[in-house]
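Please look over the structure shown below before reading on. The notes that follow take up one topic at a time and are meant to be read with the model in view.

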Amino acid sequence: MPRHFGVLIPSTNTTGEIEYTRHLPADWQAHYARVASSSVNKTPFSPPKDEDVDYQAKLLGTAKIEIVFLLQTSASLFADDYDADVTRRVSAAAGVPAFTSAMAIGEAMQAMGTRRVALVSPYSPEVNQRARHYYESKYGLDIVALEGFAATDSYAIGKLGPENAREAFARIDRPEIEAFVVPGGNFPTMAHIGEWEREFGKPVVTTNQAAFWGVLQRLDARERVPNLGWLLA
């Protein structure tokens, strides 16, 4: 029987749906609802409009999904209480449990027992510092290296290639780094997680991969997707 989950996705995200269509097991069906993106809000990478989130979450609930998440890691970085507020509202509107992709990354690192990580990010320097604060303060991670690609908006992220991440890994890799974290729901990387882990010998955790892992964890599903790295092996 198919399993159904909901994804609140920024309106400017052009790669997230492709990633899930190509790489998730056939029995897992994503249902998408778009929310006004950072470009619409005129503040790059900021959270989507509350009214969009609430309305679209309600519509997703009518698809009888089992769970829903917000696929915008940067949204969680602008206020310390954003995750708690948005998941409460989304869950109430959809009638199912809710989480954010930023939460899923932090939880995945804790589940793997990795603390000293390198953050390889498409974001601007300002947003990268917000990401450092978020993961160090909320999940106890130690960001021992950080490299960003200074994307100005979601469209710029969607134009990045996987080689950007791989080259960054090669530049910053050192023994004390236990894992690489690659945020960005519009950064197409899922197809390359396995090969990167084999090359560098360390876990690689990305937004879209971690969000699906978060679905499996919360639904107590025992699905394994080895091609999506150690996290889902």
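In this predicted model, the buried residues of helix H8 pack against strand E5 (116-121), strand E6 (142-148), strand E7 (179-182), helix H9 (193-200) and strand E8 (204-206).

**Helix H8**

- Helix H8 covers residues 162-172, and within it Ala 165, Ala 168, Phe 169 and Ile 172 are buried.
- When the helix is viewed down its axis, the buried residues of H8 fall within an arc of 105°, and therefore they line one face of the helix.

**Asn 208 in helix H10**

- Asn 208 is found in helix H10, which takes in residues 207-218.
- Is Asn 208 buried or exposed? Because its relative accessibility is 1%, and buried means under 20%, Asn 208 counts as buried.
- If residues up to four places away in sequence are not counted, Asn 208 touches Gly 16, Glu 19, Tyr 20, Leu 71, Gly 185 and Met 190.

**The cavity**

- The count comes to one cavity of 30 Å³ or more, and the largest cavity has a volume of about 140 Å³.
- The lining of the largest cavity is made up of 15 residues, and those that lie nearest its centre are Pro 10, Phe 45, Gln 72, Ser 74 and Ser 154.

**Two loop residues with a positive phi**

- Lys 64 lies in the loop between helix H3 (50-61) and strand E3 (68-70), and Lys 64 has a positive phi of about 55° although it is not a glycine.
- The relative accessibility of Lys 64 is 71%, and since exposed means over 50%, Lys 64 counts as exposed.
- Ala 150 is placed in the loop between E6 and helix H7 (154-158), and Ala 150, although not a glycine, has a positive phi of about 55°.
- How exposed is Ala 150? With a relative accessible area of 46%, which is in between the limits of 20% for buried and 50% for exposed, Ala 150 is partly exposed.

Terms used. Residues are numbered from 1 along each chain as its sequence is written. This is a predicted model: local features need pLDDT of at least 70, side-chain atom pairs count only at pLDDT 80 or more; totals for chains, interfaces and linings use all residues. Side-chain values use heavy atoms; hydrogens and water are left out. On a 1 Å grid over the protein atoms alone, a cavity is a set of points where a 1.4 Å probe fits but cannot get out, and a pocket is an open set with protein on both sides within 12 Å along at least five of seven lines; lining residues have an atom within 4 Å of a point. Grid points are joined across faces, edges and corners, and a volume is the space filled by probe spheres set on the points. Buried means under 20% relative accessible area, exposed over 50%, partly exposed in between (1.4 Å probe, protein chains only). Helices (H or I, at least four residues) and strands (E, at least two) are DSSP runs, numbered from the N terminus. The arc is that of the directions from the helix axis to the C-beta atoms. Contact means heavy atoms within 4.5 Å.
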